[in-house]
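Good morning, everyone, and thank you for making time for this. Please bring up the model on your own screens, and we will go through it together, step by step.

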Amino acid sequence: MRRLGILKILLILTLSQNRLCLADIAIIVNTENPISNTDRATVSNIFLGKVKAFPNGELITLIGQPEAHPINKEFRETVLKKTEPQLHSYWARMLFTGRAKPPRSMEETHEIIKFVSNSSNAIAYIDTNKLKPEEHDSIKVILEIKSK
Amino acid sequence: MRAWKVATPSMRSLCLKPASTMRTSLITITASLSCLASFSYAEPNIEFSGFATFAFSSSNTEYETDQGINEDWSIYPNSAVGIQSAANLNDRTRFILQIEGRGHQEIVNTGQSEFEPDIEWAFVHLQASETSSFRIGRFQNPSLMYSDVVSVSYAYLWVTPPREVYQLAPDTRIDGLSYDFQYFIKSWQLGFSIYGTTDFEQENASIEDRAGTVLSLQNDQHLFRISAAKFKLSVDTPSAIQNSPFCPTKDFGIFFGCAISAIDNNTFNQLNPDSISSISNKLSSQDMKIEFFSLGYEYDNSDLIIASELSELENASAFLHDSRAGYLTIGYRFNTLTPHLTLAKAKTTDDRSRNFNQYTHFTGLNPVYAALDDQDQNGSVSTAEAGSYLRSTNENRESATLGLRWDYAKRTALKADFTYINNFKDSNGFFSEAKDPTDKYVWIYRLAFTSAF
């Protein structure tokens, strides 16, 4: 019984550690963007280069994050619902037929926020926890996705 | 697919200088004009990307099978290296240039095996509105689901898409104009594309009045696709046939070149040039109206992959095949390993029109008989062989391909496909060269390293 209890604690600890590794995702746009909220499927279509423009006609600039970044994996699995090789194959198909190009990658969250706050046609995904209170007013969050 | 961006020097820094530092001089005017210029365009940049596939192919036969593959391992079929540059001229206009070196295996009478670098894509993409765009220039034929990325093996499952269907694709590249429309209905994307091309002429042959359309519906997991194309093909002289300069090059597609090439090598090489000329002229190789249709479906839920295409090619000439082909592929991703199985079938559908015995009353073919009889008298070919020749253009085959894709590292994969082909029904099985009629089955092996970067 006691052994079971220890196992239970270890399991909880393991799960909670995993939980800590996962991040909530915020989809952000410029404050002038007419979109106030959206859904996962639309965000997926945007970040797969299928949707080219916002409803106001402005062509979209996609901002991504480096592949090694944990938020990137979370975004790919939760929003795009693709494995890494699957996504690479997809972009090979899109890029070499000239249909679309992958998101422009930016290293730091504050760099992304700064870019989106200055670009009316930009859209990006960031780790919600890295959004500082003073940055809230400079961008607009149109979708929050909780990690699984 | 990482795109390296080469930023050109920005003019904005000049424009942001405090006005007080500027003098009302020629320099100021020049700087102002520069500012206007920089505000007229989005920050220009050029992006580079590339792909490479090194494939090794072989078969268990001495004669050439698909793509000229025989028992000698060769790097030429299915290998390709490409570099693409994309220049964003402004936020609505992009220029894409792609130079590819594709491997061309020597096929009978077509010359040497080689890597032939050429411009495969060179077009301006104009995003006219949220839903509409145009492409002007050179791009790849979208007749089939993967026909515009055949060179980029990294983009799909097999080493090369199933030959049964892809050998029927009427061409690979197009010089012309394309209008693309897309519309979203909830999470479904409806796509419509229509294209027209300039007339194309090559030595002794030409393509005219070419146009096509593609209709597609897709969401996260499903893709449904219908396409149709039509054009007129003219082959002027028998020498064009005999040399088959466009087999397997991209200009007329593998199907036409190889079909004609197979005819040559089965029988026509034994005839004298005058006889060939006589036969060819009477078989009306001018303005052959060709129509192509295809249906496609793809499913991918990140684990299970299903892909299937059916295609049909029809033409008014008895000289070229009417053909129908299809395949079904099922694959499953186990992390980085994706085993897959493909069943495919292809057959000519106008065999009756080439039945030798049917034409004994058809005067249009009398010169063919006469020419062949001449040869018969010279002891080189018989009318029985003539019948054999006509029947030899009927084709049939079925195949099963077992393959494995291993995405062992980022943007790189190793692939192995083993294809078993049988059920030839006494035909040549769409092969490049005359097959040994006693062979009941043929194996083709393809191994590849492929990458996109």
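When the whole structure, which is a predicted model, is searched for salt bridges, 23 of them are found over all chains. One of these joins the side chains of Lys146(A) and Asp24(A), with a nitrogen-to-oxygen distance of 3.9 Å. What does this pair tie together? Lys146(A) sits in the segment that follows β5 of chain A, while Asp24(A) belongs to the loop between α1 (2-21) and β1 of chain A, so the bridge links parts that are 122 residues apart in sequence.

Let me stay with chain A and turn to its sheet. Here there is an open sheet of 5 strands, with mixed pairing, and the order of the strands is β3-β2-β4-β1-β5. The edges are taken by β3 (104-105) and β5 (139-145) of chain A, and because each has a single partner strand, one side of each is left without a neighbour in the sheet. Further in, if you look at β2 (residues 61-64) and β4 (residues 122-127) of chain A, you will see that they pair in the parallel sense over 3 bridges, and that Thr61(A) stands opposite Ala122(A) in β4(A). Packed on this sheet is helix α3 (residues 70-80) of chain A, which touches β1 (25-30), β4 and β5 of chain A and whose direction makes about 110° with that of β4(A).

Now for the place where the two chains meet. Chain B brings 43 residues to the contact and chain A brings 32 residues, and together they bury about 3,100 Å², of which 50% is on carbon and sulfur atoms. How many salt bridges are there between chain B and chain A? The count is 7, and among the salt bridges you can find the one where the side chains of Glu47(B) and Lys101(A) meet, at 3.0 Å from N to O. Between chain B and chain A there are also 14 residue pairs in polar contact, counting pairs with both residues at pLDDT 80 or more.

As for the side of chain B that touches chain A, several strands of chain B each supply at least two residues to it, including β3 (80-90), β7 (173-185) and β16 (396-409), but β2(B) gives the most, with 4 residues. Sorted by kind, the residues of that side divide into 15 nonpolar, 12 polar and 16 charged.

Notes. Residues numbered from 1 in each chain as written. Chains lettered and ligands numbered in written order. Predicted model: local features only at pLDDT ≥ 70, side-chain atom pairs only at ≥ 80, totals over all residues. Heavy atoms only, no water. Contact = heavy atoms within 4.5 Å. Buried area = accessible area lost by both parts, 1.4 Å probe. Salt bridge = Lys/Arg side-chain N within 4 Å of Asp/Glu carboxyl O. Polar contact = N/O pair within 3.5 Å; in protein donor to acceptor, adjacent residues only side chain to side chain. Nonpolar A, V, L, I, M, F, W, Y, C, P; charged D, E, K, R; others polar. Pairing = 2+ DSSP bridges. Axes fitted to C-alpha atoms, helices over the stretch in contact; angles between N-to-C directions.
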